[in-house]
Amino acid sequence: MKIARFSRIGFILAAAGSAVGLGNIWKFPYIAGEYGGGAFVLVYLFTVLLIGFSIMIAEMLIGYLGRRDTVTSFEELAPVNKHLWKFGGFQALAGLFIMIFYSVVIGWILHYIVTSLTTLPANVKEAEATFTYMLHSDIWTQLLYHTISFVWITYILTKGIKGGIEKMNLVLMPMLMIILAGMFLYATTLGAFSQAVEFMFSPDWSKIDSNAFVVAVGHAFFTLSLGMGAIMTYSASMEKGSNLVKNAFWVVFLDTSIAIVAGLMLFTFLYQYGSGPAKGPGLVFISLPAAFYEMGILGNVFAVLFFIALAFAGLTSSVSLVEPMVQYFIDRFSWSRLRASILMGLFFYLVGIVALLSNIDDYKELLTWGGKNFFDWVDYVTAAIMLPVGGFIMAVFVGFIMPKEQIESVMKPQLKWAFDTWYFSLRYITPVAMFVVLLSLMGVI
Ligand code: PHE
């Protein structure tokens, strides 16, 4: 059914565009800060290499061989119990759920691009007041930018794989990398750079408990866009004869290096001009703007560029979060792309408004259960539960259900001697790790 295929570079940039997102620049530095820096970064790198990389290859394989939407791909590749395995494909729903808060956060970023043009907060206190006011009281600003984000994402989706997604990534990803590289180079000239290196790489193991491990695994999935069908859906449009291992390598490499570069840069600025490595979601919206203020006019330029880069990262991830469900309705129900894109867009847009309201003082109480508001619940359920479950299903599917000969015929020539290690990790290491994560989340261990 599908004819449009990514070019090789188009695929890598689109998959990297999916992986490099708010997770890398907004979430990673603040959770690294929360869990004490170095030790967390090492645990995270370890999970990325051991679990992330092998799941990435498995997910690409299902898409590449299945060639259809996630549900159909599972169904077609399952040698037995097809009707059961097709439910594996519903991991695509996770993307749509993530978009509920993701689009709201992109809205904040777009708003910050505009405000950084003229004013930056003079200190952390002021920055905090500004952010808190927007988050807890300013419905209309958040709604305006959430709407812009929704329109942009939906528009790109209506244009399809080639004319929308590939084109957008071919332009935005290089721009994002240039902006970050430029700011990073500047950061290396500052005295505080070594403190940032120290913070990110010297481990304090006392901060690492099972919770940090769970967060690291959850984040590895989130940041690599695994376990919800984004990579699978893109891989269905990969050119025939592509090398999955090389592609996966590039995506993991770009994603990880961009997270580290962004983290080092942010922490350098925070040490040099701010109050040190702040924790929590407010890091880029509170501490960072105040640090930029100290840099004078250059700070304004940096702030605008930084938020533009962050918006680009978020938007290229967003299209990949929604595309799996768009593809599902096109393939299974013969919907037009226009219809599928608009309806999926409306879903995250409207539920996103509920997430947005759950941060607003007047509605907070109504939309908070068990200590978490709706916004945080969506984040928690998707990143900590749905993605690992999706990963578990994929590992078991490729490791135990698909015929080994079929997998070997594609993967052995590409992985060579590493095939057995990959296959072993998929069968035993990954599912066990996922299981432990889930048990610990449910409070069993
Ligand atoms: N990887 C993206 C990020 O780091 C988020 C994402 C998750 C995108 C899952 C697609 C699928 O922000």
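This is a predicted model: local features need pLDDT of at least 70, side-chain atom pairs count only at pLDDT 80 or more; totals for chains, interfaces and linings use all residues.
**View 1. The surface of the whole chain.** Residues are numbered from 1 along each chain as its sequence is written, and side-chain values use heavy atoms, with hydrogens and water left out.

**View 2. The overall fold.** Here you will find 20 helices and two strands (DSSP runs numbered from the N terminus, helices being H or I with at least four residues and strands E with at least two). The C-alpha trace spans about 60 × 45 × 45 Å along its principal axes. Of the 445 residues, 61% are buried (under 20% relative accessible area; exposed is over 50% and partly exposed in between, with a 1.4 Å probe and protein chains only). Among contacts with a separation of 6 or more, 82% join residues 24 or more positions apart (contact means heavy atoms within 4.5 Å).

**View 3. Phe306 in the largest nonpolar core.** This core holds 171 residues, and Phe306, Met411 and Trp422 touch the most other members (a nonpolar core is a set of buried Ala, Val, Leu, Ile, Met, Phe, Trp, Tyr and Cys residues joined through side-chain atoms within 4.5 Å). Helix H15 gives the most to this core, with 19 residues. Leaving out residues up to four places away in sequence, the partners of Phe306 are Ile25, Met183, Met265, Leu266, Val284, Leu288 and Phe292.

**View 4. Phe329 and its partners.** Phe329 belongs to helix H15, residues 297-333. With a relative accessible area of 16%, Phe329 is buried. Setting aside neighbours within four places in sequence, Phe329 contacts Ser334, Trp335, Ala340 and Met344.

View 5. Helix H3, residues 38-66, contains Leu45. Leu45 is partly exposed, at a relative accessible area of 22%. Not counting residues up to four places away in sequence, Leu45 touches Thr256 and Ile260. Look for the pair Leu45 and Thr256: they are 211 residues apart in sequence, yet 8.0 Å apart in space, C-alpha to C-alpha.
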